[in-house]
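This report describes the fold, the chain contacts and selected local features of the entry shown below.

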Amino acid sequence: MTHRLRFVPFRLLQAIPVVFGVTFIVFFMAHLLPGNPALALLGNQATPAKVAALTTSMGLDKPLWLQYLLFLGNLLRGNLGDSLSYQEPVLGLVLNALPVTLLLVCYALVLSLVISIPLAALAAARPGRMPDHSVRTFTLLGQGMPQFWLGIMLILLLAVNIKIFPVGGYGDTALDHLYYLFLPALTMGIAMSPTVIRSLRSSMISVLESEYIGTARSKGAAGAELFRVHVLRNAAIPTVSIVGVNLGYLVGGSLIIEHVFAIPGLGSLMVNSIFARDFPMIQGVALFVALFVVIVGILTDIVYTLLDPRVDLSTKAAA
Amino acid sequence: MTTPTAALVAFKQRRAKTRSIKAWYRNGTLMSGIAIVGALVLIAVFAPVIAPYDPIEQHLSDALQPPNWQHLLGTDKFGRDVLSRLIWGARVDLRIGFLAVLIPFVFGSILGGIAGYFGGWLDTVIMRIVDIFFAFPFYVIVIALVFVLGSGEASIYLAIAAVSWVSYARIVRGEVLVAKQQDYVAAARLGGFSNARILVRHIGPNVLSQAIIYGMSDIVMDIMAIVTLGYLGLGIEPPTAEWGGMIADGQEFITTLWQQATIPGLAVVVTSLGLSLLGDGISDLISPERRK
């Protein structure tokens with residue numbers, strides 16, 4: 001088993017230039033701001049003394065590559081600058097908000113699978129028939145809805161008209177969190193499900209047509225057992241990479257959904273920073289989210305290999 | 001001898017029937033897509049004629065009316081007619097959605113074509129840059145860029161172009177890698193044509209169909225992005241009618257005037273549904289063998 005994970009060090013090496021690129025883009029964004037970056041970063045708290053201090057610490061009087069190295073040096077020391085609106089280091093604020101967003105994303109992923117697996121199975125069981133068409137309609141509608149609007153509609157339906165769920169917030173206890181996060185997670189789950197359903201459906205169809213399913217049937221496997229042991233596991237493999245790619249999309253969506261439901265995660269932090277014109281905060285959130293996506297990409301490859309004994313990324317990475 | 005023949009005839013008839021059903025369904029997809037998108041484009045183009053009121057002019061004394069015969073969808077907090085704003089919003093959202101696809105399509109296809117055709121270090125460099133941009137979730141980088149670049153349509157185009165070229169580059173590169181192994185490319189090389197000519201004249205037309213198909217779904221993504229930016233108050237400046245901004249305005253009054261947040265969202269759903277159907281239809285026309 002372990003020799004198949006030989007590719008992991010290679011994969012980590014591959015990720016290094018991406019991480020550098022990500023930091024460079026985040027660094028460079030400050031230079032796209034109109035005017036002096038130090039002035040823009042300080043916003044309305046800019047005093048000549050503060051601007052001068054920031055200019056030296058960012059090295060704005062030095063060439064761009066040196067500024068970038070200074071930025072990297074600050075990053076390595078965990079210094080992401082100070083938030084303008086909170087008057088606190090960005091890193092602490094981001095780290096406080098991160099678990100909330102992670103919980104929301106995982107919750108949404110689970111709900112998305114709970115929605116997608118049965119619908120994909122329903123559609124794949126008889127391609128081209130009525131259930132298949134209904135599922136297709138669902139996916140078409142699902143991908144055509146702005147996520148934040150779906151969230152507002154669910155609030156309208158399940159929090160305002162029928163008062164089952166809270167309008168927003170995060171709650172205090174662990175159980176509270178799950179209750180408060182249900183609607184936002186459901187929103188994100190529904191938004192993600194069209195992609196998952198489409199991938200699962202087509203791989204289920206090809207699995208159902210394969211010879212080993214015929215063999216399993218002839219040995220007497222049927223119903224739920226056939227589905228779980230033989231169909232789902234094999235059909236899940238290509239879907240894992242689709243889910244991995246879309247987790248980034250899910251995180252992106254979570255930023256706006258958190259704003260809609262007033263959940264104190266990275267998204268609210270980012271949206272509030274937009275309203276407060278708090279650039280260091282936006283930079284910090286963008287950086288963390290991008291790093292998260294890079295990590296998820298690596299994890300996806302690992303899960304992919306572990307799920308499917310036939311996949312061997314080692315040879316590919318070594319080549 | 002009659003039985004096998006009869007069976008064959010029946011089989012052929014059945015096949016012909018399923019094929020015609022499929023053909024109808026394909027056409028149906030394309031036709032309904034054309035109908036929906038066509039209707040929306042007409043509404044957008046003739047907005048000044050169709051809209052019953054000015055979308056921007058404020059009538060504070062008529063603010064926050066529920067739907068009635070003067071204002072079919074009611075009025076917002078500034079007394080502006082919601083229906084008129086909805087119609088004018090189609091103009092903004094559709095125009096930006098369609099235009100925003102063009103730059104990344106051209107730019108990404110060219111870079112992807114070069115990377116795939118020449119390979120080597122050029123390919124490595126371009127694809128590493130693509131990987132970097134893929135690490136940022138679409139919304140995060142679009143929101144951050146529009147924030148940095150400031151409000152206005154130009155920022156939206158730039159921000160979307162900066163992120164979405166990577167998808168075209170990936171698609172076109174993959175197609176070029178396959179196409180350059182084909183005999184016709186070898187023949188063109190033997191004919192002594194320049195690389196640029198082979199890439200543009202010979203490979204180009206054969207690989208762009210996938211990018212076009214992707215482009216159709218990309219319009220939907222872009223409209224989602226524009227609406228999301230509008231909802232967050234970024235991009236399009238306030239008095240201009242835009243669906244995302246209208247949803248944000250309506251959300252304030254969700255408990256009393258629920259239709260104000262609901263209907264602009266429905267407009268987005270109908271638009272993306274029409275574009276998806278159109279895209280599927282076009283994809284069937286261009287490459288029917290790819291459909292599963």
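At what angle do helix H3 (residues 82-118) of chain B and H6(B) pack, and how far apart are their axes? The two helices pack at an angle of about 40 degrees, with their axes 5 Å apart. H3(B) passes H6(B) in a right-handed crossing. The residues of the contact of H3(B) with H6(B) comprise 22 nonpolar, 7 polar and 3 charged.

## Overall architecture

The model is predicted. Chain A contains 14 helices and 0 strands, so its elements are listed from the N terminus as α-α-α-α-α-α-α-α-α-α-α-α-α-α. Its C-alpha trace spans about 80 × 60 × 35 Å along the principal axes. Of the 319 residues in chain A, 38% are buried. Among contacts in chain A between residues at least 6 apart in sequence, 69% join residues at least 24 apart.

Chain B has 10 helices and 0 strands, following the pattern α-α-α-α-α-α-α-α-α-α along the sequence. Buried residues account for 44% of the 292 residues in chain B. For contacts in chain B between residues at least 6 apart in sequence, 69% likewise join residues at least 24 apart.

## The contact between chains A and B

In the contact between the two chains, 36 residues of chain B meet 36 residues of chain A. On the side of chain B that touches chain A, at least two residues each are supplied by helix H4 (120-135), helix H5 (138-149), helix H8 (195-231), helix H9 (243-251) and helix H10 (259-286) of chain B. H10(B) gives the most to this side, with 8 residues. By residue class, the side of chain B that touches chain A divides into 25 nonpolar, 8 polar and 3 charged.

## The largest nonpolar core

The largest nonpolar core has 159 residues. Those with the most contacts inside this core are A:Val285, A:Ala286 and A:Val289, together with B:Val142, B:Ile143, B:Ala144 and B:Val146. Helix H5 (residues 90-125) of chain A provides the largest share of the core, 17 residues.

With its neighbours within four places in sequence left aside, A:Val285 is in contact with A:Val94, A:Leu266, A:Leu269 and A:Met270.

## Helix H5 of chain B

How many of the residues of H5(B) are buried? The count is 12 of the 12 residues, so H5(B) is largely enclosed by the rest of the structure. The buried residues run from B:Phe138, B:Tyr139, B:Val140 and B:Ile141 through B:Val142, B:Ile143, B:Ala144 and B:Leu145 to B:Val146, B:Phe147, B:Val148 and B:Leu149.

The cover over these buried residues includes helix H1 (7-32), helix H11 (223-261), helix H12 (266-276) and helix H13 (279-307) of chain A. It also includes helix H6 (153-179) and H8 of chain B.

H5(B) has 12 residues and reaches 16 Å from its first C-alpha to its last, close to the 16 Å expected at 1.5 Å a residue. H5(B) is followed by B:Gly150, whose phi is positive, near 95 degrees.

## A buried leucine in chain A

A:Leu186 lies in helix H9 (residues 182-209) of chain A. Is A:Leu186 buried or exposed? A residue counts as buried if 20 or more other C-beta atoms lie within 10 Å of its own. A:Leu186 has 21 other C-beta atoms within 10 Å and is therefore buried.

Leaving aside its neighbours within four places in sequence, A:Leu186 is in contact with A:Leu111 and A:Leu154. The C-alpha atoms of A:Leu186 and A:Leu104 are separated by 9.8 Å, and these residues are 82 residues apart along the chain.

## Positive phi in two loops of chain A

A:Gln87 has a positive phi of about 55 degrees although it is not a glycine. The residue lies in the loop between helix H4 (64-76) and H5 of chain A. A:Gln87 has 8 C-beta neighbours inside 10 Å, so it counts as exposed.

A:Ala262, also a residue other than glycine, has a positive phi near 50 degrees. Its place is in the loop between H11 and H12 of chain A. With 14 C-beta neighbours inside 10 Å, A:Ala262 counts as partly exposed.

Conventions. Residues are numbered from 1 along each chain as its sequence is written. Chains are lettered from A and ligands numbered from 1 in the order in which they are written. This is a predicted model: local features need pLDDT of at least 70, side-chain atom pairs count only at pLDDT 80 or more; totals for chains, interfaces and linings use all residues. Helices (H or I, at least four residues) and strands (E, at least two) are DSSP runs, numbered from the N terminus. Two residues are in contact if their C-beta atoms, placed from the backbone, lie within 7 Å. Ala, Val, Leu, Ile, Met, Phe, Trp, Tyr, Cys and Pro count as nonpolar, Asp, Glu, Lys and Arg as charged, and the others, Gly among them, as polar. A nonpolar core is a set of buried Ala, Val, Leu, Ile, Met, Phe, Trp, Tyr and Cys residues joined through C-beta atoms within 7 Å. The expected span of a helix is 1.5 Å times one less than its number of residues. Axes are lines fitted to C-alpha atoms, for helices over the stretch in contact, and angles run from 0 to 180 degrees between N-to-C directions. A crossing is left-handed if the near helix is turned anticlockwise from the far one by less than a right angle, and right-handed if clockwise.
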